[in-house]
Amino acid sequence: MNIILLGPPGAGKGTQAKRLEAAHGLVQLSTGDMLRAAVAAGTETGLKAKAIMDRGELVPDDVVVGIIADRIAEPDVKNGFILDGFPRTVAQAVALDALLAKTGEDLDAVIEMQVDDAALTERITGRYTCAKCGAGYHDTFQRPKIEGVCDRCGGTEFKRRADDNAETVKSRLEAYHAQTAPLLPYYEARGILKRVDGMADIDEVTGQIEGVLAGAKD
């Protein structure tokens, strides 16, 4: 089963991808991770990508697609994959379709995790972690039981990501919507675009995604 998860930063794609990996034996494919791995391994495509990155240029679609092609040919991807962060444009979606057609595969579902921008901004800007053990907290939704003390390790120092501020989040959301908007009609025309409520409880989102996948198998 091959799936694309669409959704802005903070929508919970990573959490849902981990659950899908565990439940279905799928492999989450991050283009950034795959690029770094290909460069480190010194593959032909990786060396090509390294030369481009060393010049400070963006890696072109054909090279990224080549790295995806190499990765999905590996044995651990036999049950299928979850793509997160690719494609970002219609041109990339067309290139991905061509690659899968060549390998005799296809996409089973493209799942858009729909979010409310204002609520998502609150979700992201309010989050922080224990500096000692990394346990996650939130100003509104998940405060420590004892104020200023980590529930897990008892640490008293906390930190926030520098980019978890309202201005940066707004900019990231605008970029996501601008990039992703053209992809939606492309996949809708293919009949594989499904939408879930990304603002729901984590377990509820998982249930919605499982419902989509059950329908895709029928």
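The model is predicted. The protein chain has 9 helices and 8 strands.

**Overall dimensions and packing**

- Along the principal axes, the C-alpha atoms of the protein chain fill a box of roughly 55 × 45 × 35 Å.
- Of the 218 residues in the protein chain, 38% are buried.
- Take the contacts between residues at least 6 apart in sequence: 66% of them join residues at least 24 apart.

**Surface and charge**

- The protein chain has an accessible surface of about 11,500 Å².
- Carbon and sulfur atoms account for 53% of that surface.
- There are 34 negative side chains and 26 positive ones.
- The centres of these two charge sets lie 4 Å apart.

**The sheet β6-β5-β7**

- Three strands form an open sheet in the order β6-β5-β7, and their pairing is antiparallel.
- Strands β6 (136-138) and β7 (158-159) are the edges, each pairing on one side only.
- Strands of a sheet pair through backbone hydrogen bonds, either parallel or antiparallel.
- Strand β5 spans residues 127-130 and pairs with β7 over 2 bridges, in the antiparallel sense.
- T129 has K159, in β7, as its bridge partner.

**L120, in a helix**

- L120 sits in helix α6, which covers residues 117-125.
- The relative accessible area of L120 is 0%, so this residue is buried.
- Beyond its neighbours within four places in sequence, L120 is in contact with P8, P9, G10, A11, V115, L173 and M199.
- E157 is 37 residues from L120 in sequence, and their C-alpha atoms are 25 Å apart in space.

**Q142, in a loop**

- Q142 belongs to the loop between β6 and β7.
- Its relative accessibility is 46%, so Q142 counts as partly exposed. The cut-offs behind that label are 20% and 50%.
- Q142 and G126 are 16 residues apart along the chain, with 9.6 Å between their C-alpha atoms.

**The two residues side by side**

- L120 is buried, whereas Q142 is partly exposed.
- L120 lies in helix α6, whereas Q142 lies in the loop between β6 and β7.

Notes: Residues numbered from 1 in each chain as written. Predicted model: local features only at pLDDT ≥ 70, side-chain atom pairs only at ≥ 80, totals over all residues. Heavy atoms only, no water. Helix = DSSP H or I, 4+ residues; strand = E, 2+ residues; numbered from the N terminus. Buried < 20%, exposed > 50% of the residue type's maximum accessible area, 1.4 Å probe, protein only. Contact = heavy atoms within 4.5 Å. Areas by Shrake-Rupley, 256 points an atom, 1.4 Å probe, with all protein chains shown as cover. Lys, Arg positive; Asp, Glu negative; His and termini not counted. Charge placed at Lys NZ, Arg CZ, Asp CG, Glu CD. Pairing = 2+ DSSP bridges.
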